[in-house]
Amino acid sequence: MDMPEKSVPSSQDTAFKVVDCDVHPYVKDGISSVFPYMPDAWKQRFLRKRATVGAEARSLKYLHPNGQVNREDARPPCGGVSGSDPHFLVQDLLVKNRIEHAVLNCLQTGALCSTLAGTDESIVLCAAFNDYLIDQWLKVDNRLKFAMSVPSQDPQAAAAEIRRIGKHPQIVAISLPLLNILMGNRYWWPIYEAAQEMQLPILVHVTGPDSIFYGPPIAAGGIPDSYVERYVTLNQAGESSVNSLVFSGVFEKFPNLKVIFVEYGFLWLLPLLWRMDRTWRQLRHEVPWVKKSPVEYVHKHIRFSTQPIDEPEDPKDLDKLIDLMGYDQLCFSTDYPHWDNDMPGQSLRGLPKAERQKIFWGNALTTFRMR
Amino acid sequence: MAEKKQHTVGKTTDFPVGKFKIIDIGGREIGIAQLKNGEFRAVRNVCPHKGAPVCKGPIVGTHLPSAVGELIYGRDGEVLACPWHGFEFDLLTGDELIQSGKPTKLLMFPVAVENDNVVVTL
């Protein structure tokens, strides 16, 4: 494969700029860390439940075969879980790789909101985790940007959370923990309305319990049997959601809404768009609010993060497919500190320079609310 | 190309409004129909998409572009829907209703009414 001998900065060219669209902060002591950010009555409830750290989002067969999802080598020197120390993360990820903006997305909040917490619990926990991260992380470094989470089991409460903190200058997106309700469904519309109002894109990412529990999206065809099987099929919810967003008319209803699919892959997009366009040409009259080709809506409103980049035997095959897709759809992401992360210096090196820079920088600036 | 000829295909009353009658003209299948506005159309019975016998599809109206969740019916009697893949064609012009991308077009022949006879030129 196309690998250098050792890790190198994103480019020897100092003008090369990088936005990382997918970085996972870990709140080190889970729920007990965010007690100061919630009403005392709720703190007492979680204490009495002994729900101080948080619940495990995966059952036995979906535990990572190597024991943890996080990179062992990304542990902070002071100890603790990888991704739990913002100061170390800034050095280990941003400084080493010359990343100018890193979009933080907390999957602990995501898993609690999509599945692990009850509806009322999720509303309280979501606000507490958001406030903790604003207070304990965003103040550390202005390069740290934040995809604030929302309690998706209650769309009205989610919209209220967006309006409560959405004006924070380092908040650049809304991380929406998906349920097993397709994204075009009107259930989600109050959230889209608030997102559009705040000029924030909707960011979606698997939250952990996907394909495991009832609640989040489930892969098509049945329940996978291992971590490997499950991992390979996680992209399916992305494909279904793109389709649903377009044909339900979400982008006609919310003409300024943007959506970024993070870690769902992207090579499936080209055949999906061909299929959507063909079927629309055949049966447009069933969804007459879809006034343009689905391809146009997707190009205008939807973006995809790059990681985990697929690895054909000949890397040039990947470059050809990206060229066919066009260079406007992709935003670079690492997924630090997870085991399957991609670092800038080793990623998409065969692309033409200007187009590669769009994927690593320009596309993110026009997708996230960067000021 | 052979020189074009005029073919009398029947009386106007042979062609009810809103339905294609398919006839053979020199080995070519041609659908003849009278529209609601009294005009006649002569259409090659081959869909430009994938070769279906397009004139066997219904002459319909359709749902016009509308707001989300709303249906507006219009163009009644002016749209031919292919019986295979459902491509919709404007019988006033022959154009595919969807004009984005690379739209297809029906092959239509001149048709006139002379002394109550329907005359197709091809």
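Nonpolar covers Ala, Val, Leu, Ile, Met, Phe, Trp, Tyr, Cys and Pro, charged covers Asp, Glu, Lys and Arg, and the others, Gly among them, are polar. The axes themselves are lines fitted to C-alpha atoms, for helices over the stretch in contact, with angles from 0 to 180 degrees between N-to-C directions.

All of this comes from a predicted model, in which local features need pLDDT of at least 70 and side-chain atom pairs count only at pLDDT 80 or more, while totals for chains, interfaces and linings use all residues. Residues are numbered from 1 along each chain as its sequence is written, and chains are lettered from A and ligands numbered from 1 in the order in which they are written. The model scores ipTM 0.88 and pTM 0.92. As for pLDDT, the predictor's confidence in each residue from 0 to 100, chain B averages 96, with 98% of the residues at 70 or above. Chain A averages 94, and 96% of its residues score at least 70. Where pLDDT is low, the predicted coordinates should not be read in detail.

Back in chain A, helix α3 (residues 107-116) is mostly covered, with 10 of its 10 residues buried. A residue is buried if 20 or more other C-beta atoms lie within 10 Å of its own, exposed if 12 or fewer, and partly exposed in between. The cover includes α4 (119-138), β3 (144-149) and β4 (171-175) of chain A; helices (H or I, at least four residues) and strands (E, at least two) are DSSP runs, numbered from the N terminus. A:S122 sits in α4 and counts as buried because 25 C-beta neighbours fall inside 10 Å. Leaving aside residues up to four places away in sequence, A:S122 touches A:L112, A:C113, A:A117, A:P151 and A:Q153. Its C-alpha atom is 8.3 Å from that of A:T109, 13 residues apart along the chain.

Chain B has an open sheet of three strands in the order β1-β10-β9, paired antiparallel; pairing requires at least two DSSP bridges between two strands. Its edge strands are β1 (6-11) and β9 (111-114), and the twist averages 30° from one strand to the next. Five bridges join β1(B) to β10 (residues 117-121), and B:T8 stands opposite B:V119 in β10(B). Another open sheet in chain B runs β5-β6-β7, again antiparallel. Here β5 (59-63) and β7 (88-90) are the edges, and the twist averages 60°. Three bridges link β6 (residues 73-81) to β7(B), with B:V79 partnered by B:D90.

Finally, the contact between the chains takes 15 residues from chain B and 13 from chain A. The chain B side has seven nonpolar, seven polar and one charged residues.

Methods: Two residues are in contact if their C-beta atoms, placed from the backbone, lie within 7 Å.
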